[in-house]
Amino acid sequence: MIVEIAGLAASNTFGIYDTSNPGTYLQLFSGGATSGFRSTLLITFNAMTSKYSFLATTYGLDGDMDGFPDVVSSSGKIFNTNTFGYYLGSNAGPTFYSEASRNANGADQMVAYQGDGDSISINGIDANWGSSSYILAWEDKPLTGSDKDYNDMVVYVESVKPVPEPGSLALLGLGLAGLAAASRRKQKQA
């Protein structure tokens with residue numbers, strides 16, 4: 001995650017869901033994720049079951065100072081396909097989806113910016129923001145009652161192959177999705 005400015009920062013979660021069965025989802029970041037967290041996603045195909053295994057490993061800071069980020073969590077799920085969408089939710093699961101048609105009133109709770117070949121630096125990590133890299137910016141309250149600033153959670157994903165969907169901007173991916181974290185702030189309460 002790049003930045004989160006939200007009253008819900010401590011409880012927001014981010015992950016992926018199976019587009020053929022949205023009840024199957026895999027959390028990549030929890031509300032406790034802080035600056036420097038990143039997550040990798042490994043996808044494998046099981047020819048015997050014709051299903052896909054998704055393994056997410058989340059890394060935090062190098063607390064033991066061995067030169068490598070510490071593994072914070074690792075979990076997996078079985079999806080029917082290798083096509084997935086992104087969600088923003090809570091510990092109870094997804095609330096908003098990258099597919100607008102899955103959100104209340106078909107609202108776009110997320111906007112996406114595709115890379116154009118620039119180089120970027122996120123929390124000291126240099127990356128190529130190419131055509132397979134995206135910044136996903138989320139609104140964490142229903143649009144009808146929100147400030148519509150789309151900065152409540154901002155996530156950088158790389159190695160994504162978009163799957164077009166008519167009528168909405170859904171980011172669905174194939175391959176490895178890497179997420180880099182830069183900073184996290186809580187919005188001041190008025």
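How many bridges join strand β3 to β4, and which way do the two strands run? In this predicted model, β3, which spans residues 38–46, is joined to β4 by nine bridges, and the two strands run antiparallel. Within this pairing, A56 of β4 is the bridge partner of L41. The hairpin that β3 and β4 form has four residues between its strands, and S50 there adopts a positive phi near 55°.

L41 also belongs to the largest nonpolar core, a set of 24 residues in which L41 is listed with F14, I16, F54, Y86, L136 and W138 as having the most contacts inside the core. Two or more residues of this core come from each of the elements β1 (13–18), β2 (21–29), β4 (51–59), β6 (84–90), β8 (110–114), β11 (134–138) and β12 (153–158).

With regard to charged side chains, the structure holds one salt bridge, which is formed by E99 and R102, with a distance of 2.7 Å between the closest N and O atoms. Side chains of opposite charge can pair when their charged atoms come close. The two partners can also be described by their accessibility: E99 counts as buried because its relative accessibility is 8%, which is under 20%, whereas R102, at 33% relative accessibility, lies between the 20% and 50% limits and therefore counts as partly exposed.

How values were computed:
Residues are numbered from 1 along each chain as its sequence is written. This is a predicted model: local features need pLDDT of at least 70, side-chain atom pairs count only at pLDDT 80 or more; totals for chains, interfaces and linings use all residues. Side-chain values use heavy atoms; hydrogens and water are left out. A nonpolar core is a set of buried Ala, Val, Leu, Ile, Met, Phe, Trp, Tyr and Cys residues joined through side-chain atoms within 4.5 Å. Buried means under 20% relative accessible area, exposed over 50%, partly exposed in between (1.4 Å probe, protein chains only). Two strands pair if DSSP finds at least two bridges between them. A salt bridge is a side-chain nitrogen of Lys or Arg within 4 Å of a carboxyl oxygen of Asp or Glu.
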